[in-house]
Amino acid sequence: MKRYTLPQKTKPHAEFPKENTEADLPKTTRQATSPKKRNRRKTGTGSGKQSQGTPYDDVFRTLLNDCTPMILPIINEMFGTAFTGDETIDLHPELHFLNRQGGKEEKHITDSSFTVSGTVPRHFLLEIQSTSDSSMLVRIFEYSTQIALDSGEITGNTLHVTIPDCGVLFLRSTRNTPERMQIRIDTSGGSASFDVQVLKTQLYTIDEIFERKLFMLIPFYIFSHEKRFPEYNKDEEKLDELKTEYADIVSRLRCLKETGQISEYQHRMIIDMSGKVLESISAKYDSVREGVGEIMTGKIIETEASRIYHEGERLGENREKKRTAVKLHDRGDNLESIADILEVDIRQVRKWIRKAAKED
């Protein structure tokens with residue numbers, strides 16, 4: 001039986017010229033275009049996303065590309081899989097060309113499309129959804145069927161395609177947000193359907209995120225506080241509570257890095273991407289943006305407990321240096337040598353020696 005592989009409709013970015021058209025430009029670049037041009041583009045967007053993405057799409061794709069292994073706990077959480085981290089993850093070009101009427105092709109991007117090569121390779125398609133979008137299922141259907149065609153085969157008179165495992169990460173959710181969705185295809189020969197799994201990021205506490213190793217959700221954790229932004233922006237005491245929570249997040253990330261559970265690069269990327277999400281979501285709330293931003297960039301607030309702890313560390317270090325200074329002096333070392341060894345001012349050494357002499 002002769003087997004044919006279908007021609008690929010997916011094209012990698014490298015095949016496109018560097019000179020982008022206005023439709024290809026990121027949102028920050030397109031701001032300089034005229035209102036008329038922007039309006040004309042909006043009337044022709046079809047049912048899905050054009051090749052630009054939201055800041056949240058960009059953050060997720062950046063983490064997927066630069067910190068790829070962190071996607072596996074997300075997949076396990078959404079699809080009930082049991083990937084261990086030893087699997088190979090192959091990322092696929094996210095730019096697809098969808099066929100339209102009249103033979104036209106429309107460029108669309110998927111948020112993430114990849115294959116996990118475990119015992120049985122599985123292809124996944126994930127979408128990030130920050131706001132309600134009635135065209136979402138249409139978009140997933142278009143993407144998934146195009147991905148299926150990209151790897152489809154014709155054997156004899158039969159076209160065989162495999163739909164990827166599909167899922168949506170909702171950054172905002174309400175009581176009306178579905179637990180899962182479904183795409184059903186009815187034909188004269190029967191019906192077929194596939195599920196679209198749902199993960200609602202706002203429902204996860206920060207403890208659950210760390211316990212389940214869902215580190216890729218940390219940049220989006222700020223969405224769980226979004227409704228209280230006006231309150232935080234006016235009430236300094238409540239803002240301090242939010243800052244304290246983020247100080248704890250930064251501390252826990254640092255601990256993961258120091259114990260080798262995440263790399264230095266992954267640690268830095270989570271921090272940087274958290275800052276990008278914060279910058280976008282809190283654009284209208286200066287106090288929130290600046291306050292939490294300081295924490296994420298390293299200016300961690302010092303709680304009373306941490307102040308006492310660090311003060312204790314300093315006192316303990318000084319006591320040890322004092323004992324060492326007295327011992328060195330007793331064995332005949334001069335004050336200049338002692339000060340040099342302990343890296344302290346010689347006047348401090350004199351005080352320690354005098355105090356020790358009085359205590360004797």
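Q: With which residue does Arg 289 form a salt bridge, and how far apart are the closest N and O atoms?

A: Arg 289 pairs with Glu 279, and the closest N and O atoms lie 3.9 Å apart. A salt bridge here is a side-chain nitrogen of Lys or Arg within 4 Å of a carboxyl oxygen of Asp or Glu. The pair links distant parts of the chain, with Arg 289 in helix α10 (residues 286-296) and Glu 279 in helix α9 (residues 264-281), 10 residues apart. Helices (H or I, at least four residues) and strands (E, at least two) are DSSP runs, numbered from the N terminus. Arg 289 counts as buried, at 16% relative accessibility, whereas Glu 279 counts as partly exposed, at 48%. Buried means under 20% relative accessible area, exposed over 50%, and partly exposed in between (1.4 Å probe, protein chains only).

Salt bridges that share partners also join Glu 77, Glu 208 and Arg 212 into one network.

The basis of these values is as follows. The model is predicted: local features need pLDDT of at least 70, side-chain atom pairs count only at pLDDT 80 or more, and totals for chains, interfaces and linings use all residues. Residues are numbered from 1 along each chain as its sequence is written, and side-chain values use heavy atoms, with hydrogens and water left out.

Helix α9 (residues 264-281) brings in a further pair: the side chains of Glu 264 and Lys 257 meet in a salt bridge at 3.5 Å, N to O. Lys 257 is partly exposed, with a relative accessible area of 24%.

Glu 226 forms a salt bridge with Arg 172, and their closest N and O atoms are 2.8 Å apart. This pair, too, links distant parts of the chain: Glu 226 lies in the loop between α6 (206-211) and α7 (229-234), and Arg 172 in the loop between β9 (165-170) and β10 (180-187), 54 residues apart. Glu 226 is partly exposed at 21% relative accessibility, and Arg 172 is partly exposed at 27%.

For the structure as a whole, a search finds 21 salt bridges. The chain has 13 helices and 11 strands, and of its 360 residues, 39% count as buried. Among contacts (heavy atoms within 4.5 Å) between residues at least 6 apart in sequence, 63% join residues at least 24 apart.
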